[in-house]
Amino acid sequence: MKLQLALDLVNIPQAIELVKEVEEHVDVVEIGTPVVINEGLKAVKEMKAAFPNLTVLADLKIMDAAGYEVSQASAAGADIITILGAAEDASIKGAVEEAKKQGKQILVDMIAVKDIATRAKELDELGADYICVHTGYDLQAQGQNSFKDLETIKSVVKNAKTAIAGGIKLETLPEVIKAQPDLVIVGGGITGQEDKNAAAAKMQELIKQG
Ligand SMILES: O=C(CO)[C@H](O)[C@H](O)COP(=O)(O)O
């Protein structure tokens, strides 16, 4: 099980400073969608240049023109690129094919997918590297989470790794760990803490204990 730090509400210098604080305790650094919208793939490029040994995920949430967008994110240095599970199969195939060509990986974000079990099974067969259940900010605000959806994908997915994102905090992490995803994605649960290093360290400790 690995820990991914999601950076969403920062600019590039703030993102780099934040990673310096927690680098030793995280496995993957995510350049979040708002950062890519504000700063472009330059954010991925600068993060990879600053931390060449860290795995960098570009949270592009691709919906179309998938092969092209994966090729651009790969050229910027992303190791993992996200596409939406709601995208057409042709787009998923395009993303997977291009990622394979570039030696990169695809994480499929299940945000807004209604029939999680059926779609996860299909995405697994289409060759996704990761399938990620995700409660976005707008549904977190309504008190929702993805813990049940994680169990659902764990029961149907045969090849892909599983991931979970959306409002995970130190207090809720034990429940997530119980379901044994391959990747736990945490944004505000680390970046919103006064002592970010301590928060990331504690989370990584719990994750390592499994
Ligand atoms: O992709 C995202 C929002 O669309 C976030 O990166 C993801 O939800 C993790 O952040 P947080 O732990 O703050 O919810």
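Let's start with the ligand, which sits in the largest pocket of the protein. Keep in mind as you look around that this is a predicted model. Which elements give two or more residues to the shell around the ligand? They are strand S3, running over residues 55-62, and helix H7, covering residues 137-140.

Now zoom in on the shell itself. There are 13 residues around the ligand, and the ones that come nearest are Asp8, Gln140, Gly167, Gly187 and Gly188. Sorted by class, the shell has 6 polar residues, 4 charged ones and 3 nonpolar ones.

Next, pick out some individual contacts. Asp8 has a polar side-chain atom lying 2.7 Å from an oxygen atom of the ligand. His134 also uses its side chain: a polar atom there is 2.9 Å from a ligand oxygen. With Gly187 the backbone takes part, as one of its polar backbone atoms is 2.8 Å from an oxygen atom of the ligand. How much of the ligand does the protein bury? On its own the ligand exposes 360 Å², and the protein buries 93% of that.

Finally, step back to the chain. UniProt, in an unreviewed entry, places the domain "Orotidine 5'-phosphate decarboxylase" at residues 2-203. That span is 47% helix and 21% strand.

Conventions
Residues are numbered from 1 along each chain as its sequence is written. This is a predicted model: local features need pLDDT of at least 70, side-chain atom pairs count only at pLDDT 80 or more; totals for chains, interfaces and linings use all residues. Side-chain values use heavy atoms; hydrogens and water are left out. A residue is near a molecule or strand if one of its heavy atoms lies within 4 Å of it. A polar contact is a pair of N or O atoms within 3.5 Å; within protein, one must be able to donate a hydrogen and the other to accept it, and residues adjacent in sequence count only if both atoms are side-chain atoms. Accessible areas come from the Shrake-Rupley method with a 1.4 Å probe; for residues, only the protein chains shown count as cover. On a 1 Å grid over the protein atoms alone, a cavity is a set of points where a 1.4 Å probe fits but cannot get out, and a pocket is an open set with protein on both sides within 12 Å along at least five of seven lines; lining residues have an atom within 4 Å of a point. A molecule sits in a cavity or pocket if more than half of its atoms lie within 2 Å of its grid points. Helices (H or I, at least four residues) and strands (E, at least two) are DSSP runs, numbered from the N terminus. Ala, Val, Leu, Ile, Met, Phe, Trp, Tyr, Cys and Pro count as nonpolar, Asp, Glu, Lys and Arg as charged, and the others, Gly among them, as polar. UniProt positions are given in the numbering used here, feature names are shortened, and annotations may be inferred rather than shown by experiment.
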